[in-house]
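Student: Before we look at anything, could you take me through this model slowly and tell me what stands behind each word you use?
Tutor: Gladly; let us begin with the picture itself.

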Amino acid sequence: MSNRHFVVIGAGIVGISAALYLQKDGHQVTVVDRVDPGEGTSKGNAAVIASESCIPVATPGILWDVPKMLMDPLGPLAIRWSYLPKLAPWLMRFVAASGEKKVEQISIALRSALTQALPAHKELASLAGQSLMIKETGWLGIFEKDEKFASYQWDLALQKRRGIEFQILKQEEIRQFEPSLQPLYKHAVYYPENAYVTDNFALVQRLAAHFVSAGGRILKSEVQGFEIGPAGPTHVRAGGDKIACDDVVVACGAWSKKLAKLLGHNVPLETERGYHVTLPKAGKMPRMPLYSGDHSFAITPLEVGLRFAGTVELGGLEAEPNYARAEKLMVHGRRMFGDLNEEGRSDWMGFRPSMPDSVPVISQGGRFRNTYFSFGHGHIGLTLGPVTGRIIADLAAGRDPGLDLRPFRIDRF
Ligand SMILES: Cc1cc2nc3c(=O)[nH]c(=O)nc-3n(C[C@H](O)[C@H](O)[C@H](O)COP(=O)(O)OP(=O)(O)OC[C@H]3O[C@@H](n4cnc5c(N)ncnc54)[C@H](O)[C@@H]3O)c2cc1C
């Protein structure tokens, strides 16, 4: 049993995973969140453990897409005009990260963590008695348009260089493989390594419940700041309380910027807002998660219903949701499956925490050794949450995390 007390700020998949791995190492751990576990962005994602997802959002040529992003508020990648002045510094870094060489390096870094994603998920799920929540089905990318599939060849070549396995399906094989789909699709790519979680929100809740049953503490409170001594934070200030701590982990997803700054790091963190529609009685259920290569969103057969999730809207943390974007997902969804029962439909928006290079921060503080940062997981936070937690515990223990962490450092920009 260690005598170190860690305060983990944030009870999403990333924070709860860090809390569990730190607890497993025998530390005393308190998690603080202003909402209940999993109620942040982790609540509504597409639940895919996307081990193949090593390609950053900004790829070569993205600069030429920026005008389109500004002109089409319902496009798969859109920028809100009113947010452009605030977004500009991040956008410049985003474009700068899109060069061929940089993308190659990013894919190497992401893949080094992604190969460990599923094992870490299985380890935590088993610890919490929830192994059945992880389904190792693979996932299927589907394409209606020849030109979309032609441009996807670039992605496939990069994935091949990273050792990702996939299988190309011919038109006549697609419906046999996934009978729930309308006969529209000319091309498909099957990724056997990918998996999904039957209910992403319930997973976080159940992992959190296990953490508590094993002696962990969860406080519902908003963290405002820290008391900082010569060697780093000594207390976390939350609500009217001061919580004494030996170490602090910032895992506040899209809201991490302010607390990271108070601990000495100015990070270019933005949010890529995403939407979902969940149909509890859809009447159609694919065998595995799907990805629309034509319109860039995921479709997942969850316990709570069929979920259509994705799209990127660069609009900051304050603006109201634009649910026309969710409806756009359904326009494509109806075409994909034909008849869908939309009774009980629920629409949602969430804030992906996004670094300009699509690489999360998984890092020990340079300013104070007793500070740890785990945020900025963008599109792959569910996937990388558990392995991130394991790496944070490795850093705290001085163990080799088994991958090069330089690309994940908080001070890389
Ligand atoms: C539409 C959509 C689909 C997605 N699909 C997938 C997918 O299929 N696979 C995948 O891997 N990823 C997916 N993602 C991304 C994934 O959901 C996120 O990367 C992930 O949830 C981030 O987890 P987190 O724990 O960092 O953040 P969150 O879940 O947002 O947790 C952060 C927590 O910090 C708390 N907090 C913030 N500030 C404070 C404070 N000052 N005091 C106290 N608490 C605070 C918040 O209340 C919140 O609960 C998707 C995202 C979206 C939007």
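Tutor: Helices (H or I, at least four residues) and strands (E, at least two) are DSSP runs, numbered from the N terminus. With that naming, helix α5 is followed by G129, whose phi is positive, near 70°. This is a predicted model, in which local features need pLDDT of at least 70 and side-chain atom pairs count only at pLDDT 80 or more, while totals for chains, interfaces and linings use all residues. Residues are numbered from 1 along each chain as its sequence is written, and side-chain values use heavy atoms, with hydrogens and water left out.

Student: Why is S221 called buried?
Tutor: Buried means under 20% relative accessible area, exposed over 50%, and partly exposed in between (1.4 Å probe, protein chains only). S221 has a relative accessible area of 17%, so it is buried. The place of S221 is in the loop between β10 (217-220) and β11 (223-229).

Student: And why is R412 called partly exposed?
Tutor: The relative accessible area of R412 is 23%, and therefore R412 counts as partly exposed. R412 is found in the segment after α11.

Student: Which residues of α5 are buried, and how do you know on which side they lie?
Tutor: In α5 (residues 117-127), the buried residues are A117, L118, A120, H121, L124 and A125. They cover an arc of only 160° around the axis, which puts them on the same side of α5; the arc is that of the directions from the helix axis to the C-beta atoms.

Student: Which residues are closest to the ligand?
Tutor: A residue is near a molecule if one of its heavy atoms lies within 4 Å of it. There are 34 residues surrounding the ligand, and the closest are D33, S42, V48, G378 and T383.

Student: Where does the largest share of this shell come from?
Tutor: β19 supplies the largest share, four residues.
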